[in-house]
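Q: Can we go through the strand pairing in this one? I'd like to start with a single bridge.

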Amino acid sequence: MEVSFPTMKVQDLTDAILEYLPDADVDIILNAYIYSAKAHRGQSRRSGEAYFSHPLEVANNLVKLKLDATTVAAGLLHDTIEDTLSTSEEIQELFGEEIFQLVDGVTKISKIHFSSHEESQAENYRKMIFAMARDIRVVLIKLADRAHNMQTLGSLSEERQRRIARETLEIYAPIANRLGIGWMKNELENGSFRYLYPEEYRTIEEKVAKGKEYRDKYVEKVTSRLVKELEDAEISGKVDGRPKQFFSIYRKMMDQNISFEDVYDLVGVRVLTESLRDCYSVLGLVHSLWKPIPGKFKDYIAMPKPNMYQSLHTTVIGPRGERVEVQIRSREMHKVSEGGIAAHWRYKEKEDSAEKTMNQQLLWVRHLLENQKDLKNPKEFLNAFKVNLFPDSVYVFTPGGDVIALPHNATPVDFAFQVHTDVGCHCQSAKVNGKVVPLRYKLQDGDRVEINTSEEVSPSRDWLAFVKTSKARSRISNYINTEERTRSLSLGKELLEQEIREYGMDPTVEIKDELLEEAAQACGFKSTDSLLTGIGIGKLSTYHVIEKLIPKEKLEGKGPRDKTLIKLKESRPPDSSHNAIKVQCFNENILIRIGKCCHPLPGEPIIGYITRGRGVTVHHIDCPSVGNIINDSERLVGVEWDTGIKTIYQAHIAIVAADKPGILATISQAFAECGINITRANVQQGSHKRAYFDLSIEIQDVEHLNQILEKMLQVDGVIYLERIKDFNKNAPIKDRLEALGEKLVQEGEQELSVT
């Protein structure tokens, strides 16, 4: 393989760093450059470049972030421990403790592999959080490393390209965004987009290129007019065109379900001013020139984003009736928008305000670090991590006028926990803008929120259905689990003692600590408390405990209650048919019901959840409700379909069909020919000569249903079929079908499909 050598020189790095840090210790960079070049000598990348070109580019990215000489030197050395014969001791001895800790931190993060397995993934995220909390420069080096890797992804296999691109899009780009590093976030997103969705990338690239000449001329017209107006108003500022990123276009198309031609704000203009006052003056000038679009103005100066981004955003109807997005910010704000936390790094020892700003940017990391102790369940932790990476925020005010940023759709309960854990735990009611609102009220930008507390109030499980912040969710879950575990422990002990009395024995004699501990281990529990709790919530039969606790000779004459795995029927009227489900380790005569939120069918993966007083509810394993209860693992039980029993089951389907005479009769006849009974039918007329059918039918299992759906697609006039799981939400079904009908018309109904 022919190896090409890097064109960048160490002089380029030192010259660049001395421009923004005249007193920088360039000797440490020179020493790191020489050491890294020797360590990587003879190595090459898959692209054919000398390996040393990579640490050079990483160091260059760190210089773009205007980081200190120590960090740049660590960037040059970041792969030496992992990919060369260099040792940790050698790096520590030659370059000191600070650089060693940075290199070691990056090495540990580089060994993280983001698998789909939740426990492994959660543990990897925890490592990332600890690295960020310990020294944020570790993650900045890793981001610089990933940014260059994305530029050279073309030499890898397609499978590795997609894997690296996905983890970049899901983890590293959001981290760059959360730290406010705009240019790096854009690079990572666009690079990931190119390899994850190559067809969509090429399509957008071609369409953007096709209209480039027109847009360039249009932007020139807009910027020229703005420059003239600024001069006339004697406002000093710089006006530039701002191209919209490919991934940003694609995301907007997906979020709003629109085509490329319907993305109206492809044209953007940015104005950089000298002061904050000038920003608002320019805003007034822009609105006097062109009519602003209602609802398209955002003041991120008065209310900065969580990553400290500040700017004024407005969309106006520009020349020729085209929409133009205008961003207005000061030059200092622009530095922060591009460099984020890195923009404050070089000032942190000189200015208290800059250090305070940087600490605010890292507040979310500290919150995650604090909450991760309470989030033991991997899925709950992953959700919290991702919520904090994607902050779509609303800004609300305390009664004292302080601004608090919360996730989109956050509630007064989220606000209360954000103020203080005690306020959240004792939240009784809330007022928004002086009016009493429900606790599930969705807060809006600018709301003034007041929380009324009471010592008699405690967190409710119902709150978990609507809170949005990881802090609120973890504190509520913690409280409920602790309270319920205490009650279940007491109940379990009472039930066990009562059962022993039924055998004519004295519980105080039979229940000894050492014997109960042995019984707990024999039943698969780690402690006696967890054993008794399991009895209390109904997860374990008292008979199985007694069997392990009391010698067999004492139990002679007493018949066993049942087997470990028993069949329980779905709770229905006696005269209706029903399907048997097997439940592991459960008390007899317990009700079992099918979740109305997902309506699982025989043949689909299921999971059971114990509800005190209501038996076991069976959900599809992918049901959204499972995501809300999965952290309460003590209440989850193993369930499975009894394949030995064939029975009739209800399924709910929706159909989009051509609205023509006889279509109802045609569809009904088709079902009859398949031997299917329709138990409920709701037919509505829609737009574009479409008819919408919401039906309940009787089938045997999911395989039977799929066969029926495939046959129904062959019926003349049927356009689309979908199985409806959330049957109890009729209105959304109709809305969804109408939206689908519109989409099918727009796409020309070229393909039929079954969901």
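A: In S6, Leu312 has Ile328 as its bridge partner. Strands here, like helices, are DSSP runs numbered from the N terminus (E, at least two residues; helices are H or I, at least four). This is a predicted model: local features need pLDDT of at least 70, side-chain atom pairs count only at pLDDT 80 or more, and totals for chains, interfaces and linings use all residues. Residues are numbered from 1 along each chain as its sequence is written, and side-chain values use heavy atoms, with hydrogens and water left out.

Q: How many bridges join S5 to S6 (residues 323-330)?
A: Six, and the two strands run antiparallel. Two strands pair if DSSP finds at least two bridges between them.

Q: Why is S5 largely enclosed?
A: Five of the six residues of S5 (residues 312-317) are buried, so the rest of the structure largely encloses that strand. Buried means under 20% relative accessible area, exposed over 50%, partly exposed in between (1.4 Å probe, protein chains only).

Q: Switching to the turn: what's the phi of Arg320?
A: Positive, about 65°, in a hairpin of S5 and S6 with five residues between them. Arg320 is exposed, at 56% relative accessible area.

Q: And which loop holds Asn433?
A: The one between S9 (427-432) and S10 (435-437). Asn433 has a positive phi of about 55° although not a glycine, and is partly exposed at 46%.
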